[in-house]
Each structure stands twice: as structure tokens, then as C-alpha cells.
Amino acid sequence: MGKTILEMIDIKKSFSGIYALSGINFSLEMGEVHALLGENGAGKSTLIKVLGGIYKLDSGKIRINGQDVEINGVSDAQEKGIGIIHQEIVLVPYLTVAQNIFLGREIKTKFGTVDMKETNRRAGEMLANLSVNIQPDTLVETLTIAQQQMVEIVKAVSFDGRIIVMDEPTSSLSNDEVEQLFGIIERLKEKQVSIIYISHRMEELFRISDRVTIIRDGAYVGTKKTSETNANELVAMMVGRELQSFYARDYNDLEQAETALEVKNLTCEGVFSDISFRVRKGEILGFAGLVGAGRSEIMECIFGARKYQSGSVLLKGKEVHFSTPIQAIKAGVGLVPEDRKKQGLVLGNTVGFNLTLASIDSYINGVAISDRKCQEVIDYYKEKLRIRAVANRVELVEAGSLSGGNQQKIVLGKWLAIKPDVLILDEPTRGVDVNAKFEIYSVINELAKEGIAIIMVSSELPEIINMCDNVCIIKAGKMPGMLGKDELDQERIMQFAAGGEE
Amino acid sequence: MMNEKKSTAGNSILSVFTGNTGIIGVLVILCVIVALATDKFLTPGNVISVLRQISINTYIALGMTLIIILGHIDLAVGAIVAMSGTLTVGFVVNQGMPIGVAIAAGIAIGILAGLIDGVVVSKFRVPAFIITMAMMNVCNGIAYVYSGGQSTRITDKFFIAIGTGYLFNIIPLPVVYMIILIAVFSFLLSKTKFGTYVYAIGGNREAARLSGVLIKKVEIIVFTLSGALAAFAGLVLASRMYSGQPSVGSGYEMDAIAACVLGGTSMAGGRGRISGTVFGAMVIGIISNGLNLIGVSSYWQLIVKGLIIACAVVLDSQKGNLALLRKKK
């Protein structure tokens, strides 16, 4: 390490007079992993887009290898050795890995046709170079998300990329896959490739980054050596204040609490089997496990969004079997789904529309929907959940234009509006910034205090450990164990969730 | 931020105008051009005649708006127009059915066609483009088989009055139906649970499903409504022509789709409004009427109409982009 490969000095960028970046400094050394940390909307993406040639900067300097450069467009950025791995995979699913890597710069035979043999050979070399165990002639659509991401990385490096930007690369990976990704990052470092790493997950930053630069509201806050800082300091820098109790939780006395939902021997063939648990009023029951273990599917079955073969679901002691979500909703069960963009929101419609969608039956006078009743509910939840946007009347803004945190609050509000007795939260804080996380936790805590039974599926162990009364652990469709709040620690959970057979 | 209240139904009268500025602009420009080209355009008689001409397309386009917001398409409506008109007239003239029964049967056949489309689309997840194209062929076939390709004249006074009568001796009945239907469908789409669900399904099917929307039910109802409206359009058309003709329907589906798209309904689903569609239908009607008045031959009219529609849609899409550019850059 040592030689500085990239310098961004006093970068400014404004949109219609409003500064999205007001003087950011960033430098990257050869073979360094430099994390970029900031809340949603802090300007991380804008900075990356400036670097990637998508936006043109207003003022400031970019230096690569000590030379002032101007980046004009995406292909110019690639030529200068900058490769960006976006959050969404942008490979063509029906082409092979090799074809994707060489897309747009196909290797030709002397007859002008594509030389598949050479393409595969060279792609194979590149994959092997980074120890990625994928055949170059596999169709991309048959790969897992993690494998696709690796192909993207190989592709970025193949453009002679010296600077690789990874935008939340682990957001849809399981723990195993994260390990594979880290392996690749290590190998890239060895090859003196520099990496700009964007992530919300503190633990990851501490594992793989050398330095961290924090930005807030488009402004540069500071740069720290990872080895010389800690999570609290970074959060404080990100948020601009100390968060005393990040996880707000007042535990209820559950001894006398009524059972709200009980599940007995629930089985969905090929997905999970023999799942039993109960959740009481005022309890937060966590579901930990690896991605793909079957947690979301269990919830979908309870909610009537997926069929199950055997077992029973009891709501307040009465057996129910929902075959459609509307039956669950009417019985007072809500589900905040895992993926807010795909399953939670009608992104192209307004905040108000989304907030009232699941509870629409309660606003109907005769046949018409009462605008007044809708407005009351909208006003209540946008206040309670502090849903914010630039516009005054948040409810008229398109849901898709809000930040991830605000979007998640809309989904939460939509389900609170049905006045649930049982609320299932599937990854309630995924991809949400620190402030919104904090607010969502305090809302969840309040709901538990009000006596709602809450099931929380989460892959973030800190929130499982700090928010839940009891935790069910799901491993490959089975439930090997359940832990009470006094027994919760990361190692014990991971032992159950990923460890060997016991 | 951007696009305030773009897709959900506008509640106030004002939003009918603010939400449709693009198409209203096109409409105004078109009116000015035609009015400058010929002084016959802005006469009361011609205005009423334009309204009558657009009414049939409007009935169909109302159903099409719902279909397109859902994210589907219905190519069968033109054929349903022909089928219901031909059969209803035939039932009266050939089978000697009482007029009321014949009308009910004609509408029922349209409803049945829509229902089948809806069931196949929702239960089997077949693309609506394919199944409604198949239905288009079937309905056209039925009209031709039944009539042997001949048009059938009808002289029944009541039947003729449906399409040619007037309210208060001034407003043509087809225009009256149009106004009622516009009111009913605006209400349906903007004020009811059903309408909300149509937007939700078109905007994000999975989110709608998890929010308790019974998707299949809504889809079946929408296709059935579309079939019913097309059948009704067929009756009115047959009445206006004093005859059932198996060849009249072709092209109506495209006019209806054009009205929707001109009016800002997104082919991707999830967005659109009744008022936009009505303005879209007006634009198409005025193009035809204006070209007639100016004396352009009907063959040339096709070309001009196509070009104007293409330009209007491109302009409209650019308007969106420009607004976005202004806000982003």
C-alpha cells in the first residue's frame, strides 16, 4: 500500500441549485479497501456517479495516478480503469458468463463472426485468476445472485479496472456468499486493485476495509483508519449526534400474556417442515437464520400468501387456515414483506395510496371511498412514523421517489393501518439508513407495548439480539432451537443457524 | 419532489385539467388549426356531430383504460362491436326476437367474450395480447358466419332510436350515454375500492396480492366490463347505421388504445385516468372530423391520423422528460 491512485478534491455537484455534494474529499490508495459511509441520501451514490461518469461535476478535481482527469461518460470512466458494481445486477440473463464479460467488445474471428472458443478461453482465464469457480459457458440466468455479482466483478476487472466501486454488494447475499465475496476482495487487493466499498453494515466495514470516509448531507465529515475507530464513533459521525440507545426496547412481562398466534407442526413440502412456535401479546419473537433457510416462506404460509400441506395455525386459540392474504388481513394479521420494492409498495403511486391500500375497506362509505377518512389515517401515520419528503404534502408524492427508510416506513404504516393483532415483519430495516432504523425500532417497541404480537424475521443479528424476547432459529427449513432473550448472543445464534448437526 | 399526484385519480375538477395539460394542449392546437382552415368547424351542428362521432370510440376506450392500467390489452373489442351489432340486428330481423330480448342477448354475448378473456388471462396467466387476439378472430368469425358476410337492415323504430334519437331534441342519445358512462367510470376508478385495486395491480402485482387484493377477481371484472362496453358500442353503431354489418368493427380496438395512450395511460400499467382518455378520444375524433371538413380523402386521412397520433405521443413523452430534466439537472 502507499501510492495514491485516486484523489477526489472538493467535489461539488448541485441539482437545480441544491447541493447534493458540497465539497467532498476522497482518496484511494493502491490495493486499499476504502469504505464510504453515510446515510441514504447523504450523497454516496451521487459521488459514485460523478466518478463513474454518469454525472458531470460542477467543480472540484479528480486525479488518477496524480494526473488531473476529466471523466466524460461511462465508457470514458471504464477506459480510465474505473469499474462500478451496481446494487442491481446488470447482466443479460440469457447470455453466457463469457458473452456477458465480453459484451460490446466481442472477440471476432477473421470472418467477422464471434469467436466463441477464444471468448470462453479468455473468460475462463479471468475467472480462474480471481479463483471464481464458474464455467464461462454457463447461462447467467442459472447463476445465483452472488455468482452473478462475481461475474460482474470479473467483468469490471477485465476492463483493466484498477478502481472497483462496490455499491452495497452484500445486500442480497447470504453469510456464506458474503464470505466468498470477501475472498475475492482479498484477491483483488493482492493484485493491487483498489476498492471503494459502500455498505450499511458496520461489521463488514470493520472486517474488510482499511479506511472509512464518512459523508453526511452531501458534506465531507472525515476519514478514519478502520483499525483506529469503532462503530459508535462512526455512527455518531454519520448521524451527527450520539445515539444513546439505538435499540429502544421496554420488555413486557409476558408471564400472564395471552397467546396471540400459535403455529403447530407447520409443513410446506420441500421448503420447511415441522415448525412450531407461539407468540404472545406484547412479545417480539425473532426469526434468525441464513437467507434461504425458509423463514420468509413460513411467514407467507401463515399469512395466506403461500400454500402449506400440514400443520395448524391458531389465532387467539381458534384454528385458522388462510388461503388468501385478505382473510389474514380481516383476521388482524399483517405482513411487512421482505422486499419493499417488489412486494411492499406500488412505487409509481402516491404515498397516500400505498398507506391506505391494505386497509381500504375501513374507509368506504356505501360504495365510495371517503377522502376524509383516508386523509385522517394518512395524517396519523405520516406523523407517527415521521415519513418525510421534500414536498409539503408527503402523501401526494410518488412512493418510489422517497428514500429507502421512508419507503419502509410507508410499508409499515400500511400494515399498522389495518390495526393488526399480529404483525409479521420480514427484514424490517433492510437497506434503511441509521436514523430511519432507529425510528423503526422505536415504533416496533411502541407496538409491542400496545400489546401487538410481533414476529420479526431478520438477518441482522444485532437487531435480533437487542429487540426480541425470544428467538426461533431456522436452519434449512427446520427449527433446531429457540433462545430466550438472556441466552442471545451472536455466536450461539450462528452455531444453531449455520453450525454442524447436533 | 416530482410527479405529484400523477397516477391516482384526481379528485377535484381542477385536476382534470392540471393532470392532462399535454393532451389538452394538443386538443387546443388541433381545434385552432381546424377552425382556421374551415369555418364549418365551430358551428353548433358540427360540434354536436363530433361529439356523436367520438361517443362510440369513447365507450370502448373507457373499458380499455381500465384494461391498460391493469397492465393488459384487449384486442377483441373491435370484433365484439361487429359481433354484437350483427347478432342483435339478426336476432330481431331473422329470428323475430322481441327487441328487448335481442338487445340483452347482444350485450350478453359481449359480456361472455370478455368474461372468457378475463378468466383465461387471470387463471392461466396467458398474455392478454394473445388471448384477446384469438377472441378477436372468433368474434369476427361469428359475425361473418351468422350473417354470411351480408349486412342486415333493420327498421324497428325503438332500435333505430337508440343511436339516432335526441334528448330534448338537441343532444344525441349516444352523447348522453357517453356522458353517463364517463361519469360512472370516473367514479369507479377514482372513488371505489375496485378502482384502487386496478391501479394497485397494474402498479405492482405482488404488492397488491400481499395487500389483500383478489387479483383474479378484479381482472375478470375488468375484461368483462370491456366486453360489455364493446357490445354496447356495437348496438349503438348498428342502430345509427340502421343495420348490422359484420365488417364495421375493425380498427375500433386501435382507436381505443390510441385514445388511452394519447390521454397518458401507461402501457406498462399502473397509471392513467378516465379524463385523459376522454380528451384522447376527442383528439382522434377532431382529427377525422377536421380532415373531412377540409376535404381530405379517407385514404389520406389514415396516414395523417397515424402521423398526428405518433407526434402527439412523442410530444407528450418528451414533456415528461423535460419536466424531469428541469428538476434533476
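In helix 7 of chain B, the residues B:Phe159, B:Ile160, B:Ile162, B:Gly163 and B:Thr164 meet B:Leu235, B:Val236, B:Leu237, B:Ser239 and B:Arg240 of helix 11 of chain B, contact being defined as C-beta atoms, placed from the backbone, that lie within 7 Å. The residues of this contact comprise six nonpolar, three polar and one charged, where Ala, Val, Leu, Ile, Met, Phe, Trp, Tyr, Cys and Pro count as nonpolar, Asp, Glu, Lys and Arg as charged, and the others, Gly among them, as polar. The axes of helix 7 (residues 157-164) and helix 11 (residues 215-240) of chain B come within 7 Å and cross at roughly 105 degrees; the two helices of chain B are therefore roughly perpendicular to each other, a class that spans 65 to 115 degrees. Helices are DSSP runs (H or I) of at least four residues and strands (E) of at least two, numbered from the N terminus.

The model is a predicted one, in which local features need pLDDT of at least 70 and side-chain atom pairs count only at pLDDT 80 or more, whereas totals for chains, interfaces and linings use all residues. Residues are numbered from 1 along each chain as its sequence is written, and chains are lettered from A in the order in which they are written. For chain A, the mean pLDDT (the predictor's confidence in each residue, from 0 to 100) is 85, and 96% of its residues reach 70 or more. Among the elements of chain A, the lowest mean pLDDT, 73, belongs to helix 17 (residues 490-498), and the highest, 94, to strand 20 (residues 453-457).

Apart from neighbours within four places in sequence, B:Ile60 is in contact with B:Val77, B:Leu229, B:Ala230, B:Ala233, B:Tyr252 and B:Ala256.

Burial is assigned from the other C-beta atoms within 10 Å of a residue's own (buried at 20 or more, exposed at 12 or fewer, partly exposed in between). B:Val47, found in helix 3 (residues 44-69) of chain B, counts as exposed because it has 12 C-beta neighbours inside 10 Å. B:Ile171, in strand 3 (residues 171-172) of chain B, is partly exposed, with 15 other C-beta atoms within 10 Å.

How values were computed:
Axes are lines fitted to C-alpha atoms, for helices over the stretch in contact, and angles run from 0 to 180 degrees between N-to-C directions. Angles under 35 degrees count as roughly parallel, over 145 as roughly antiparallel, 65 to 115 as roughly perpendicular and the rest as oblique. Two residues are in contact if their C-beta atoms, placed from the backbone, lie within 7 Å.
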